[in-house]
Amino acid sequence: MNLFFARIFGKLMNAEKAEKYNAQKLADAKRYREIEASETYKEYLALEREVSSPLFIAKKEELKASKEKGAWQGSDEAQKETRLAALKKTSGIAFMLNADIREIEEIESWKKVWETEFNDSNLEKNDMKAGFWFKQKGLKTNFSYIGEALAYMGEKNISIRNGILSIFTKKERVSAPAWDAKQGFKMHDYMYTSAVVNSGDAFSQPIGKFIAKVRATGKCHSGVYLVGEDTFPVIELFHYNGKNLVVGLTDKNGSEREVIKGIKANDWMILTVNVNRQEIVWTLNNMEIHRAKNPLPGQSLHFTCLSFAPEGKASESRFDIGYLKGFVK
């Protein structure tokens, strides 16, 4: 999928416009319920029912057919019809008449259950921890992998400023624990360092919406993944491979991905994954970009955010996260 022209010609909103659009939809839903409960709207509904009733219509025809001068114009029925017309022209009633109740009910059906906007400089006060997450406590959580180029250094490569969590990939020689599939953990020399963070202790859910606001620079891979207790599945909510955006998932049967070209990764992006029992749907700044079957419904998923690179292909990079959110119906 190439979104270059969609981005250039405005079909794909930028993150700022998407946030404003979503905020307006929430405000509209709130306004709808406020007007719905108002005395003015109740008056409008009562008049609408009365004026459209067969009895009123018959009375109106009778008055209009009367030879008595001003029979219709001076009647209560005419005044009610005039009042109804005036109410329809008010901003509140006009808004109600044009509102899409199904859209409003869909908006209202989602409840935010967790979010971190990185308002504190302390990582754990933002409901995140450095390293990978495991259900079994006591396991090593800060480690790297043989065959990859980055050593994960806990919070050393993490900065939280102005509501942004930044993961920096730096060129520096270190020796760090690494997992070898055959030999287990061992010390390994790396030329670059980086970091991984997760929400495992604070937040996870099996179904619902997972939202991340992100941007990335440099040639390293950066990603926000939804990970469960087991090795699979892994949902790529956001994966920047140094050139393009990649979304998709990996399960025990393999991987399926969608490569999204034409995006500017150094601009803020809002990625959403809607996970239900049957399928998973990805959106970028409110535009649907991918859809897949849910291979393992019911497994609780948490956020894991990191930068990584194959051995020999690392470079200094920066991965910014503006917020992470979780919603359920």
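Mentor: Here is a walk along the strands, with a stop at the core and at a pair of helices.

Before we start, this is a predicted model, where local features need pLDDT of at least 70 and side-chain atom pairs count only at pLDDT 80 or more, while totals for chains, interfaces and linings use all residues. Residues are numbered from 1 along each chain as its sequence is written, and side-chain values use heavy atoms, leaving out hydrogens and water.

Let us begin with strand 6 (residues 164-180) and strand 7 (residues 184-194). Strands (E, at least two residues) and helices (H or I, at least four) are DSSP runs, numbered from the N terminus. Two strands pair if DSSP finds at least two bridges between them. Strand 6 and strand 7 run antiparallel and are joined by 9 bridges, and a hairpin connects them through 3 residues. Look for lysine 170, which stands opposite threonine 193 in strand 7. Threonine 193 is also the bridge partner of alanine 151. That brings in strand 4 (residues 150-152), which runs parallel to strand 7 and is joined to it by 3 bridges.

Now find proline 177, which sits in strand 6. Its relative accessibility is 25%, so proline 177 counts as partly exposed (buried means under 20% relative accessible area, exposed over 50%, partly exposed in between, with a 1.4 Å probe and protein chains only). Setting aside neighbours within four places in sequence, proline 177 is in contact (heavy atoms within 4.5 Å) with Lys140, Asn142, Phe143, Ser144, Lys186 and Met187.

Next comes an open sheet of 7 strands, in the order 2-8-17-10-11-12-13, with antiparallel pairing. Strand 2 (129-130) and strand 13 (254-260) stand at the edges with a single partner strand each, so one side of each has no neighbour in the sheet.

What about the inside? A nonpolar core is a set of buried Ala, Val, Leu, Ile, Met, Phe, Trp, Tyr and Cys residues joined through side-chain atoms within 4.5 Å. The largest one has 47 residues, and Val224, Leu237, Phe238, Leu271 and Leu324 have the most contacts inside it. Valine 224, for example, touches residues beyond four places away in sequence, including Ala212, Ile235, Phe303 and Phe319. Apart from that core lies another of 15 residues, with Phe143, Ala149, Tyr152 and Tyr225 among them.

Finally, turn to helix 5 (residues 76-89) and helix 6 (residues 91-98), whose axes are 5 Å apart and pack at an angle of about 75°. Axes are lines fitted to C-alpha atoms, for helices over the stretch in contact, and angles run from 0 to 180 degrees between N-to-C directions. Helix 5 is therefore roughly perpendicular to helix 6 (the word covers 65 to 115 degrees). Leu87, Lys88 and Lys89 of helix 5 make the contact with Ser91, Ile93, Ala94 and Leu97 of helix 6. Lysine 80 also lies in helix 5, and beyond four places in sequence it touches Leu47 and Glu50.

How values were computed:
Angles under 35 degrees count as roughly parallel, over 145 as roughly antiparallel, 65 to 115 as roughly perpendicular and the rest as oblique.
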